[in-house]
Amino acid sequence: MITTKRLTTGACALLVALSAALLPTSASADAPEAKESPKVELVLDVSGSMRAKDIDGKSRMSAAKQAFNEVLDAVPEEVRLGIRTLGADYPGNDRKRGCKDTRQLYPVGPLDRTEAKTAVATLAPTGWTPIGPALLGAADDLGEDGATKRIVLITDGEDTCAPLDPCQVAREIAAKGIHLVIDTLGLVPDAKTRQQLTCIAEATGGTYTSVHRTEDLSRRVRQLVDRAADPVVTPVATEGAGRCADAPQLKPGLYTDRETFGEHRWYKVDLLPGQELRASVSVSADRAVNNDYGVLLRAVTRHGREIVRGSEAGDGRTDVVSTGLRYPKAEVEDEDGDGKPAAETVCLQVSNSFSAPPAVKTTPGMPIELTVDIVDGPASASDVASFGLGRGWWLLGTLVLAGFLAGLIWGWLSRWRFAVWRTH
C-alpha cells in the first residue's frame with residue numbers, strides 16, 4: 001500500500017515537472033517577437049560659424065543648446081537616442097584634420113537626460129563642417145538591425161570637406177537598404193546650404209526645414225523624434241485632383257504630394273457618424289519664394305458647402321507652413337434602414353498662396369505632407385467644431401438674432417429714460 005502511494009506520488013511529481021518544463025517553452029514559441037526600439041541620432045554642427053548671433057538675439061550655438069534641452073526632456077521612453085557632433089574639437093587650419101573632426105558625444109541607447117544635457121552643455125563652436133564624415137559615422141552608430149532609424153542633422157552651413165559630397169553619402173546610405181532616414185534642419189541657411197540639405201534629405205526620403213527661431217528648432221526636432229517612435233507615420237505618395245469628384249480616396253495616414261504656386265488640390269475621406277476627422281497639412285518652400293504667403297485647408301461636402309477650415313500665413317522666416325482642422329460628425333439614426341450608418345464623403349482642399357521671383361522654376365511643385373486621422377467623436381458638444389461652427393449658418397444667425405434683441409432692449413430702455421428725464 002505504501003509502495004503504491006509512493007509510486008503515485010512520484011508519478012504526479014514527474015508529471016508536474018514535465019508540465020512546468022514544457023508550458024513556458026510552448027508559450028514562448030507562440031508569443032510574438034519583441035519589436036526593436038526605434039533609434040535616433042541627433043547630429044549637431046559645432047563649427048566656428050555657430051558663433052553668429054542671429055537667432056532670437058543669441059548665438060546659433062546657444063539656440064541649439066536650448067532646443068536640445070527641451071527635446072531631451074520630451075524624448076519618448078521607447079526611443080534609443082544618441083548625439084554626434086561635427087567640428088567640435090579641432091580649431092586649426094589643417095584641412096585633413098578638420099575634415100575628420102566628428103565624434104559620438106552620447107551613445108545610442110536608453111537616455112539618461114542629465115548625462116546627455118551635461119554633454120551638450122560643454123560644447124563650444126570650434127572648427128570645420130565635415131557633414132559627409134558625420135553622416136557616415138552616424139549611420140555606423142545606428143547599426144544595420146531591423147529597428148526604425150533616423151538621423152536628424154542640424155547645421156548652419158554647407159559641407160567644407162569636398163570632394164566627399166554629403167548628398168552622395170546620403171545616396172550610398174539609402175542604397176544599403178537599412179531603412180535609415182535623414183532629416184535636415186538649416187539654421188538661417190543661404191541658397192547653397194538649402195540646396196545641399198534638401199538633396200541629403202530627399203536622397204533618403206527625409207525632410208528639410210529652414211529654421212530662424214529657437215522655438216521652431218525645438219518643435220521640429222521633437223516632431224522628428226516622435227515620428228521615429230510612431231510606426232504608423234509612414235508617408236504614402238498620392239496625387240490630388242483638380243476637383244473633389246476626381247480626388248483620391250484617403251484612409252488614416254501620412255501622405256505626400258506636390259503642389260505648384262497658387263494651386264488647389266482635392267482629396268476625399270469617408271467619415272461615419274460618431275467619428276471625428278482630424279487633418280493637417282504642411283507645405284514646404286524648397287526653393288526661393290517671395291515673402292508673405294499662406295496655406296489653406298478646407299473640409300467641404302460633396303455639394304460644395306464648406307464645413308470647416310484652417311489657415312496659416314508666413315512672412316519668409318520659415319520654409320514650412322502648417323495648418324489643420326477638426327470635424328466631428330454627430331451620431332444619427334440609421335439612414336438606410338439596413339442597420340449600417342451611412343458614411344459622409346468629406347472633400348479636403350489644400351491651397352497655397354506662394355509666389356516666386358521670375359527666375360525661379362515653378363515645377364515640380366512644392367512638397368506637401370497631408371496627415372489624415374479618424375478618431376471617436378466627442379461625447380458632448382463642448383468644442384466649437386461639434387458645436388456647429390463652420391457647419392452652416394445657424395450659429396451665425398443665432399448670434400445676429402441675439403445682438404438684434406439686445407439692441408432693441410437697449411433702445412427701449414434709452415427711450416424710456418429719456419422720456420422720464422423730459423417729464424421731470
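Threonine 184 is part of strand 5, residues 180–187. The model is a predicted one. With a relative accessibility of 1%, threonine 184 counts as buried. Its side chain reaches the backbone oxygen of leucine 197 at 3.0 Å. Leaving aside residues up to four places away in sequence, threonine 184 touches Leu153, Leu197, Thr198, Ile200, Ala201, Thr207, Tyr208 and Thr209.

Helix 4 spans residues 113–121, and its buried residues are Ala116, Ala119 and Val120. These cover an arc of only 100° around the axis, so they lie on the same side of helix 4. Thr114 and Ala121 are exposed residues on the face turned away from that buried side. The cover over the buried residues of helix 4 includes helix 2 (60–74), strand 2 (80–86) and strand 3 (102–109). At the N-terminal end, helix 4 is capped by aspartate 112, which places a side-chain oxygen 3.2 Å from the backbone nitrogen of threonine 114.

The whole structure contains 3 disulfides. Counting bonded cysteines along the chain, their pattern is 1-2, 3-4, 5-6.

| Disulfide | S to S distance | Torsion about S-S |
|---|---|---|
| Cysteine 99 and cysteine 161 | 2.1 Å | about -95° |
| Cysteine 167 and cysteine 199 | 1.7 Å | -50° |
| Cysteine 244 and cysteine 347 | 1.8 Å | about -60° |

The disulfide of cysteine 99 and cysteine 161 is left-handed. Cysteine 99 sits in the loop between helix 3 (95–98) and strand 3, and cysteine 161 in the loop between strand 4 (149–155) and helix 6 (166–175), so the pair ties together parts 62 residues apart in sequence. Both cysteine 99 and cysteine 161 are buried.

The link of cysteine 167 and cysteine 199 is left-handed. Because cysteine 167 belongs to helix 6 and cysteine 199 to helix 7 (residues 191–203), the pair ties together parts 32 residues apart in sequence. Cysteine 167 is buried at 3% relative accessibility, whereas cysteine 199 is partly exposed at 23%.

The disulfide of cysteine 244 and cysteine 347 is also left-handed. It ties together parts 103 residues apart in sequence, since cysteine 244 lies in the loop between strand 7 (236–237) and strand 8 (253–259) and cysteine 347 in strand 14. Cysteine 244 counts as buried at 14% relative accessibility, and cysteine 347 is buried at 0%.

The structure holds 1 aromatic pair. Tyrosine 293 and phenylalanine 354 are stacked, 4.5 Å centre to centre with 15° between the planes. Tyrosine 293 is in strand 11 (residues 293–300) and phenylalanine 354 in the loop between strand 14 (344–352) and strand 15 (366–376), and the pair thus links distant parts of the chain, 61 residues apart. Tyrosine 293 and phenylalanine 354 are both buried.

Conventions:
Residues numbered from 1 in each chain as written. Predicted model: local features only at pLDDT ≥ 70, side-chain atom pairs only at ≥ 80, totals over all residues. Heavy atoms only, no water. Phe/Tyr/Trp six-rings, centres within 6.5 Å; stacked < 30°, edge-to-face > 60°. Helix = DSSP H or I, 4+ residues; strand = E, 2+ residues; numbered from the N terminus. Buried < 20%, exposed > 50% of the residue type's maximum accessible area, 1.4 Å probe, protein only. Arc of directions from axis to C-beta. Contact = heavy atoms within 4.5 Å. Polar contact = N/O pair within 3.5 Å; in protein donor to acceptor, adjacent residues only side chain to side chain. Disulfide = S-S within 2.5 Å.
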